[in-house]
Each structure stands twice: as C-alpha cells, then as structure tokens.
Amino acid sequence: MGRTRSTTTFIVEPKKGVMTEILETVLEFGFHKLQLNRIVGDIFAGNKGSKKLMEKFGFQKEGVLRQTDFDGLHYHDTVVYSMLKPEYEEKMQQVPENSWLK
C-alpha cells in the first residue's frame with residue numbers, strides 16, 4: 001500500500017531547465033520508490049515559469065488558495081496542481097525517455 005502523504009518544498013534560483021530535471025526525478029522517486037498516489041505542486045499565482053512546468057508535466061490545476069503567502073509587503077495567491085500515479089504512468093507511456101528534459 002502506498003503512503004498517504006509526503007511534503008517537500010523547493011526554492012531554486014532561476015536557471016533554465018533545472019526545475020525540469022528536479023521535477024522529473026521527484027515524480028519518478030515519489031511514484032515508484034515511495035509508492036505515493038498523489039503529488040501536489042503549490043505555486044505562486046504570478047509565477048509563469050512554474051505554471052508552464054506544471055502544465056508541461058501534465059499536472060491538473062485544482063484551484064487557487066487566496067492570499068496564502070506574505071512576502072513582507074504583499075499577500076500572494078497560491079495555485080494548487082496535482083498529479084495522480086495513474087496519470088503519471090499514462091504520461092510515461094506517451095513520453096519518450098528524457099524528452100521532458102528538452
């Protein structure tokens with residue numbers, strides 16, 4: 001039986017392609033090694049790069065949590081995305097090996 005919940009946070013300096021490699025590894029490890037059923041990605045609503053990444057990997061948008069984070073000056077909304085293990089496995093059938101890295 002898979003684990004019910006696991007949480008991690010990534011804060012990475014912007015560098016083209018690094019989050020693609022990290023997310024690919026996290027998905028593989030999470031779904032296969034940890035036997036998770038669901039992986040969630042919470043991103044700032046204005047983060048276009050993270051939105052593009054979530055969509056590129058096939059995460060489904062679940063909704064918006066309003067004013068969840070405060071940066072010292074302003075509150076920011078969080079957009080919640082998720083991927084289920086069956087969705088990941090289906091996606092892996094369609095994606096040639098390492099093609100996410102391009």
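1. Phe-31 and Tyr-88 are both buried (under 20% relative accessible area; exposed is over 50%, partly exposed in between, with a 1.4 Å probe and protein chains only). Keep in mind that this is a predicted model, where local features need pLDDT of at least 70, side-chain atom pairs count only at 80 or more, and totals for chains, interfaces and linings use all residues. Residues are numbered from 1 along each chain as its sequence is written, and side-chain values use heavy atoms, leaving out hydrogens and water.

2. There are two aromatic pairs (Phe, Tyr or Trp rings, the six-membered one for Trp, with centres within 6.5 Å; planes under 30 degrees apart are stacked, over 60 edge-to-face, the rest tilted). Phe-31 and Tyr-88 make a tilted one, at 4.9 Å between centres and 35 degrees between planes.

3. Phe-70 is partly exposed at 48%, while Tyr-75 is exposed at 52%.

4. Now the sheet: it is open, three-stranded and antiparallel, in the order β1-β3-β2 (strands are DSSP E runs of at least two residues, helices H or I runs of at least four, numbered from the N terminus; pairing takes at least two DSSP bridges). β1 (38-44) and β2 (60-70) are the edges. Seven bridges join β1 to β3 (75-84), and Gly-41 has Tyr-81 in β3 as its bridge partner.
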